[in-house]
Amino acid sequence: MATDIPAYSLFSGADRGLLENVVLRHDNGVITDISETAPPAASPRSLVLPAFVNAHDHARPTASSFGALGMPLESWIFRSALGTPVAPYLTAASALARSARAGCAAMMIHYTRPSGAMPLVEEAGAIARAASDVGIRIAFALAVRDQNPVVYGDEEPVLSSLSQDDRSTIEQMFVRAPMSPKAYIELTDAIASAIAGPKVDVQLGPAGVQWCSKPLLEAVAENSAQTGRRIHMHLLETIYQRAWADRHFPDGIVRYLSDIGFLSERLTLAHCIHARPDEIEMIAASGARIVTNFSSNLHLRSGLAPIAAAHKCGCAIAVGVDGLALDEDDDVLREMRLVQMMHGGLGFQRTWTTSEFLGLAIANGRRATGAPGTGALTAGAPADFVTIDLDRLDRDQIMPVDPIDLLFARGNASLLRDVVVDGRKIVSEGRCTGVDLPGIDGELRGIYRANAGKLSGFQRAWPPLSASLQGWFEAQLDCR
């Protein structure tokens, strides 16, 4: 049945730009028409936008609740293990619903920390079921690593500094037999057979070059070329990863990735904070995308990515929350605002207009996640859109102000009213319609609190482990 959505203002994301006093009609998941109408007689006024995309995430609980605060990635990864999913469906449903509530039609799940409670194909199925219940599109990539489980090199100095009990705890949690490249490809095929569909794009997910051997990276590149499957990977997120890459790839890590056929339009790279200008140019020339994760980079003290420079040399830029939005609330609108404010220009020189940035972040995010179309609200496009309370956004209404500029000045997820994906209203008046998010979060808190005592061994091992990690990285890979 056709549904009409009146809009005081509508940002099409296409050449038509901002339209005023229109009705968007959609039917069977597709926009059928956008036509002019009379101005609304009274409030509330609506601003209709293409739905957003969280182009890099891990579908995990908020890390600060587990004490993973104010530390670099290299120790944060270990501390955040306290938040390993205890119930994969509930954990994924919570993360996906938070993203949906923030206006996302699609989300990338780079699944770095399986629960260990069930076979991986079954766990992927639980996550896909959560996405279906929430109503959001997802890309899913099981992250793989086959080297450097503790540090970027020999972990013996770190482990030997611990007591025998603490060492045993850390080894049991983090040091496991690696999966072979062949086994990983077969597992990805099995996951795709189980969950891939119109709203689920299964991808290859090497965790990062420092965690993946050359045979693994080369197998991923070969399989992607043969099958057309997309790849999602972290790259050069921290200064320590930069130092490791320079030590192990003296001719350049990005050059190596190019040589093995890893770089292509099928590739999305998260972070690239410490990529150099020549590397950015190679990434841009290949058609690969960079997902920037501004708040995550701040939380983990990783640095500021060269996003404006990447955009200027033709690199496609998308935005991700990475599970660490500024307030750990998965607010992708605030995240886009921060990226735009940081990288949008210097003085009178602009990198992009706010409208251009909104359009490119959505379009590139959809390419990264395999979502159809560019996100533009035009006839024949998928019915993926959000409605914003324009009366609250433009709370003073003193004079006409471009609503997109105003959105990037003061917008946040609290202004969202409805989110529609594939024609289905998945958020209504700010509440998820497919799942009970407050109930899920309450249930998860109860489980985590009950399980906290079972992790006493890790919490005992944490202070000496943290100190040993810091000492190892400062001694081995300090690049100041």
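**A chat about this structure**

Q: Let's start with Arg 137: buried or exposed?
A: Arg 137 counts as buried, with a relative accessible area of 6%. Buried stands for under 20% relative accessible area, exposed for over 50%, and partly exposed for what lies in between, with a 1.4 Å probe and protein chains only.

Q: Before we go on, what kind of model is this?
A: This is a predicted model, in which local features need pLDDT of at least 70 and side-chain atom pairs count only at pLDDT 80 or more, while totals for chains, interfaces and linings use all residues. Residues are numbered from 1 along each chain as its sequence is written, and side-chain values use heavy atoms, with hydrogens and water left out.

Q: OK, back to Arg 137. Which side chain meets it at 2.9 Å?
A: That is Asp 384, whose side chain forms a salt bridge with Arg 137 at 2.9 Å, N to O. The term salt bridge is used for a side-chain nitrogen of Lys or Arg within 4 Å of a carboxyl oxygen of Asp or Glu.

Q: And where do those two sit in the chain?
A: Arg 137 belongs to strand 7 (residues 137-144), whereas Asp 384 is in the loop between helix 14 (354-369) and strand 15 (385-389), and this pair links distant parts of the chain, 247 residues apart. Helices (H or I, at least four residues) and strands (E, at least two) are DSSP runs numbered from the N terminus. Like Arg 137, Asp 384 is buried.

Q: Why would such side chains pair at all?
A: Side chains of opposite charge can pair when their charged atoms come close.

Q: What about Asp 422, how does it meet Arg 137?
A: Asp 422 and Arg 137 also meet through their side chains in a salt bridge, here at 3.9 Å, N to O. This pair, too, links distant parts of the chain, with Asp 422 in the loop between strand 16 (416-421) and strand 17 (424-428), 285 residues from Arg 137 in strand 7. Asp 422 has 35% relative accessibility and therefore counts as partly exposed.

Q: Which residues make up the network there?
A: The network of salt bridges links Arg 137, Arg 366, Asp 384 and Asp 422.

Q: How many salt bridges does the whole structure have?
A: A search of the whole structure finds 23 salt bridges. One of them is between Arg 242 and Glu 279, with the closest N and O atoms 2.7 Å apart. That pair links distant parts of the chain, 37 residues apart, with Arg 242 in helix 8 (residues 239-248) and Glu 279 in helix 10 (residues 277-286). Arg 242 is buried at 7% relative accessibility, and Glu 279 is buried at 3%.

Q: New topic: which residues have the most contacts inside the largest nonpolar core?
A: Those are Leu 49, Phe 52, Leu 96 and Leu 235, in a core of 140 residues. A second, separate core has 14 residues, including Leu 10, Ile 34, Ala 381 and Phe 385. A nonpolar core is a set of buried Ala, Val, Leu, Ile, Met, Phe, Trp, Tyr and Cys residues joined through side-chain atoms within 4.5 Å.

Q: What is Leu 96 in contact with?
A: Leaving aside neighbours within four places in sequence, Leu 96 is in contact with residues among them Met 107, Ile 109, Val 134 and Ile 136, where contact means heavy atoms within 4.5 Å.

Q: And Ala 100, where is that?
A: Ala 100 lies in helix 2 (residues 88-101) and is buried, with a relative accessible area of 0%. Beyond its neighbours within four places in sequence, its contacts are Val 134, Ile 136, Val 419, Ile 426 and Val 427.
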